[in-house]
Amino acid sequence: MTGMRAAVLEAAGKVALQERPVPEPGPAEVLVQVAAVGTCGSDVHYYEHGRIGEFVLESPLVLGHEPSGTVIGSGPGASRHRIGQRVSLEPGVPDFTCAQCLAGRYNLCPRMRFFGTPPFDGAFCEYVVIREEFAHPVPDSLSDDAAALIEPLSVGMWACRKARVAPGTRVLVTGAGPVGLLCLQAALAFGGTEVVVTDVNPRRLRLARDLGATATLDVRETRLADAAVEPDVLLECSGHPAATGEAIRAVGRAGRVVLVGMGGDEVPLPLSHVQTRELEVTGTFRYANTWPDAIALATARRVDLDALVTGHYGLADVEGALTAGTRDPDAVKVVVRPQE
Ligand SMILES: [Zn+2]
């Protein structure tokens, strides 16, 4: 086994299947045969625009940062896994030595090597290598898709931790895309009692209700300001600047606002509302220390990851996976299966 197939983003709007060497696991690394890779809004953004903010595609790149698979080899000194162990990959490996890493905030490491983010290749390919600590074992009861979606679940859990969602917390989730639906499920698992979800897509709102939302609001029909919602916590997942300002205005006293969605660079902030109610407003960037808990929640069926999957694509049709959302507004999460 020396060669493998990889779906390579050669330029914005152009993905081609290439033959690449199978990567060699280095010290403390394992070689993983990739089983499933969730497709993320950021993959779609790189495909469409060739950049996200300061991250710019300057040479061909393999996208995909939500992988699951099976350990099939190990490098020098790697000992945590037996060959055949199924794993969910945490796709960003920090330097372990900087001030942020030493403070436990390794998601803020300035030297993070993150899958599918220039210049680091991702997992839309048959095999990847990763530091063994970041290949988290999963039980056989978890599907390959679910093991892949531990990554976006981690985004939801990190948002809930930043917002200090606890038993009895009232939560508003704006946007019922995959991340919004995972913030919803994480908020419920953290003990949130009222969890209201807004969107403009009836099918996504129905899915939110199926997954446990206590109420949903179609903001094309009813404005949030008219809906008598006063949450303790806002998890903003729409990335929509106007919707963000309106949602912040709904948050109650001493509430917490977590900006999860990546929308416009500038958002109008209702400052007097933030001031007089002492709201905390924070961003989130990926996650830290979430994988074991996320795997435990998924294994205990406290969250349903498979329910989000609306389509599968083989490695030769990564372009189909990346355009599924624009072709079908009801698509939620599509998964690439690199062995197909
Ligand atoms: Zn670091």
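This is a predicted model: local features need pLDDT of at least 70, side-chain atom pairs count only at pLDDT 80 or more; totals for chains, interfaces and linings use all residues.

Colleague: What secondary structure does the chain have, and what makes you call it as compact as a globular protein of its length?

Modeller: The chain has 10 helices and 19 strands. Its radius of gyration is 20 Å and the globule rule gives 20 Å for 340 residues, so the chain is as compact as a globular protein of that length. Along the principal axes, the C-alpha atoms fill a box of roughly 60 × 40 × 35 Å.

Colleague: How much of the chain is buried, and what share of the contacts comes from residues 24 or more positions apart?

Modeller: Buried residues are 54% of the 340. Of the contacts with a separation of 6 or more, 68% are between residues 24 or more positions apart.

Colleague: Why is Q185 called buried?

Modeller: Its relative accessibility is 3%, and buried means under 20%, so Q185 counts as buried. Q185 sits in helix 5, residues 178–189. Setting aside residues up to four places away in sequence, Q185 touches L211, V303, D304 and L308.

Colleague: What about V155, buried or exposed?

Modeller: V155 has 17% relative accessibility; the limit for buried is under 20%, so V155 counts as buried. V155 belongs to helix 4, residues 150–162. Beyond its neighbours within four places in sequence, V155 is in contact with V179, V260, R286 and Y287.

Colleague: How far is V155 from E278?

Modeller: Their C-alpha atoms are separated by 25 Å, and the two residues are 123 residues apart along the chain.

Colleague: Why does E278 count as exposed?

Modeller: E278 has 63% relative accessibility and exposed means over 50%, so E278 is on the exposed side of the cut-off. E278 lies in the loop between helix 8 (271–276) and strand 17 (280–283). The phi of E278 is positive, about 50 degrees, although E278 is not a glycine.

Colleague: What makes A228 exposed, and what is its phi?

Modeller: A228 comes out at 79% relative accessibility; with the cut-off at over 50%, A228 therefore counts as exposed. Its phi is positive too, at about 55 degrees, although A228 is not a glycine. You'll find A228 in the loop between strand 14 (215–218) and strand 15 (233–236).

Colleague: How do you know that the peptide bond from P118 to P119 is cis, and where is P119?

Modeller: The omega of that bond is near 5 degrees, and the bond is cis. P119 is in the loop between strand 9 (113–114) and strand 10 (127–131).

Colleague: Last topic, cysteines. How many disulfides does the structure hold?

Modeller: It holds 0 disulfides.

Colleague: Are C98 and C109 buried or exposed?

Modeller: C98 has 8% relative accessibility, so with buried meaning under 20%, C98 counts as buried. C109, at 6%, counts as buried by that cut-off as well.

Notes:
Residues are numbered from 1 along each chain as its sequence is written. Side-chain values use heavy atoms; hydrogens and water are left out. Helices (H or I, at least four residues) and strands (E, at least two) are DSSP runs, numbered from the N terminus. The radius of gyration is taken over C-alpha atoms; the globule rule is 2.2 Å times the number of residues to the power 0.38. Buried means under 20% relative accessible area, exposed over 50%, partly exposed in between (1.4 Å probe, protein chains only). Contact means heavy atoms within 4.5 Å. A disulfide is a pair of cysteine sulfur atoms within 2.5 Å.
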